[in-house]
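Subject: Structure for your review

Dear colleague,

Please find below the structure I promised to pass on, followed by notes on what turned up in it.

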Amino acid sequence: MRGLFFTCEGVEGSGKTTQLRRLAASLRHAGQPVMETREPGGTSLGEAIRSMLLMTRDQEMAAEAELFLYLASRAQLSRECIRPSLEAGIIVVCDRFADATVAYQGHGRGLDLRRIATMNRVATGGLTPDLTILLDLDPREGLRRVKARGQVSLPEPFLDRLESEALEFHDRVREGYLHLAREEPHRFLVVDATRQEETIAGEIWQRVEPLIGSWAVQGERR
Ligand code: TMP
């Protein structure tokens with residue numbers, strides 16, 4: 001495939017969305033074609049699934065049902081947006097992807113990791129990011145940030161269904177991500193997310209810039 005595929009992962013409140021926006025802006029500034037998207041979501045089907053996943057509070061959702069909903073959103077996004085963009089030579093930056101299911105539904109919920117790997121391959125048709133940025137942060141600090149940015153008009157900070165999980169769940173998610181990063185050190189860039197936004201963005205750009213340089217050279221040769 002001709003494009004490049006970057007994903008960003010991390011626990012709640014780790015600053016992924018901010019960093020991805022900055023990365024996309026830097027890429028555009030460098031003259032590169034970029035498509036930004038997110039999971040769950042990114043397509044109209046995916047956004048409908050996202051609100052089911054995050055806003056359903058009035059009934060228990062079975063872990064397996066949750067798994068299938070994330071996978072359904074991913075299957076649609078992979079086929080409708082990511083693949084066609086990569087084939088058109090565009091850089092895709094995606095806020096969460098298949099690793100999130102390993103971390104949250106696998107390590108967090110305790111579903112079988114091997115089965116999840118197989119299902120992820122089915123959902124994505126074998127798509128793997130060229131680079132995954134992992135913003136590593138203690139979930140205590142992440143959740144504190146999420147609560148602090150809550151709407152001031154509400155008496156309690158609003159937390160979605162996943163954010164409302166117990167701290168131990170979020171600790172397992174963080175460990176799950178770090179485990180993935182240790183398994184695939186070449187694909188992952190692990191970034192300490194306790195630092196200033198600017199410093200983190202600089203570290204990410206240091207890793208991305210040479211990648212797009214060699215990618216552009218290969219493109220010229222084709
Ligand atoms: P976010 O926009 O804050 O990343 O919200 C997505 C939520 O969904 C977040 O709590 C992580 C969770 N999630 C999973 O549990 N499994 C997945 O596969 C994905 C993509 C997200």
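Helices (H or I, at least four residues) and strands (E, at least two) are here DSSP runs, numbered from the N terminus. This is a predicted model, in which local features need pLDDT of at least 70 and side-chain atom pairs count only at pLDDT 80 or more, while totals for chains, interfaces and linings use all residues. Residues are numbered from 1 along each chain as its sequence is written, and side-chain values use heavy atoms, with hydrogens and water left out.

The protein has eight helices and five strands, which follow one another along the sequence as β-α-β-α-α-β-α-α-β-α-α-β-α. Its radius of gyration (over C-alpha atoms) is 17 Å, close to the 17 Å that the globule rule (2.2 Å times the number of residues to the power 0.38) gives for 222 residues, so the protein is as compact as a globular protein of that length. Of those 222 residues, 47% count as buried, that is, under 20% relative accessible area with a 1.4 Å probe and protein chains only.

On the pockets, a word on terms: on a 1 Å grid over the protein atoms alone, a pocket is an open set of points where a 1.4 Å probe fits, with protein on both sides within 12 Å along at least five of seven lines, and lining residues have an atom within 4 Å of a point. Grid points are joined across faces, edges and corners, and a volume is the space filled by probe spheres set on the points.

The largest pocket has a volume of about 1100 Å³. It is lined by 44 residues, of which K16, T17, R50, D95 and R149 are the closest to its centre. Among the elements that give two or more residues to this lining are α1 (16–29), α2 (44–55), β3 (91–95) and α8 (197–221), and α1 gives the most, with six residues. By class, the lining comprises 14 nonpolar, 14 polar and 16 charged residues, where Ala, Val, Leu, Ile, Met, Phe, Trp, Tyr, Cys and Pro count as nonpolar, Asp, Glu, Lys and Arg as charged, and the others, Gly among them, as polar.

The second largest pocket has a volume of about 440 Å³, and of its 20 lining residues D99, V102, A117, L180 and E184 are the closest to the centre. Two or more residues come from each of α4, α5 (113–124) and α7 (167–183), with α5 giving the most, at six residues.

Best regards

Note on methods: Buried means under 20% relative accessible area, exposed over 50%, partly exposed in between (1.4 Å probe, protein chains only).
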